[in-house]
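Try each task before reading its solution.

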Amino acid sequence: MKILPFSEVEPADSEIRGTTTSRPYSSYLLVVLSGDGKREIARLTADAKGNYRAELPPGDYVLDVHDRARKKRVRAKPKPFKILSNQTVRVDMDVDTGVR
């Protein structure tokens with residue numbers, strides 16, 4: 001997982017530039033949903049470096065930020081992925097905090 005303060009291009013004289021608020025990765029709970037996005041399969045917490053791991057049976061899934069719709073300042077795109085038997089899959093999640 002990457003926590004990025006995405007923002008629009010800022011003017012060179014902006015007083016906001018260079019000020020970021022960082023929260024630990026553990027502040028952003030991730031969820032694995034069924035392929036149709038309707039059923040929660042697992043909740044994941046990233047470690048201090050943004051890594052997370054889960055063992056899942058073969059199938060179609062979606063990785064998302066828990067309660068993303070209610071958190072106004074957190075933007076992330078749900079990431080669909082597929083697990084095949086005896087396969088390791090890497091799914092990267094970028095979280096836009098809206099803070100710069």
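A nonpolar core is a set of buried Ala, Val, Leu, Ile, Met, Phe, Trp, Tyr and Cys residues joined through side-chain atoms within 4.5 Å. Buried means under 20% relative accessible area, exposed over 50%, partly exposed in between (1.4 Å probe, protein chains only). The model is predicted: local features need pLDDT of at least 70, side-chain atom pairs count only at pLDDT 80 or more, and totals for chains, interfaces and linings use all residues. Residues are numbered from 1 along each chain as its sequence is written, and side-chain values use heavy atoms, without hydrogens and water.

**Exercise 1.** Describe the largest nonpolar core.

Step 1. The core holds 15 residues. Leu30, Val32, Leu63, Val65, Phe81, Met93 and Val95 have the most contacts inside it.

Step 2. Assign strands (E, DSSP runs of at least two residues, numbered from the N terminus). E2 (30-34), E3 (40-44), E4 (59-65) and E5 (79-83) each supply at least two core residues. E4 gives the largest share, three residues.

Step 3. Take Val65. Beyond its neighbours within four places in sequence, Val65 is in contact (heavy atoms within 4.5 Å) with Leu29, Leu30, Val31, Val74, Ala76, Met93 and Val95.

**Exercise 2.** Locate Asparagine 86 and state its backbone phi.

Step 1. Asparagine 86 sits in the loop between E5 and strand E6 (94-96).

Step 2. Its phi is positive, about 55°, although Asparagine 86 is not a glycine.

**Exercise 3.** Is Asparagine 86 buried or exposed?

Step 1. Its relative accessible area is 83%.

Step 2. Asparagine 86 is therefore exposed.

Note on methods: Helices (H or I, at least four residues) and strands (E, at least two) are DSSP runs, numbered from the N terminus.
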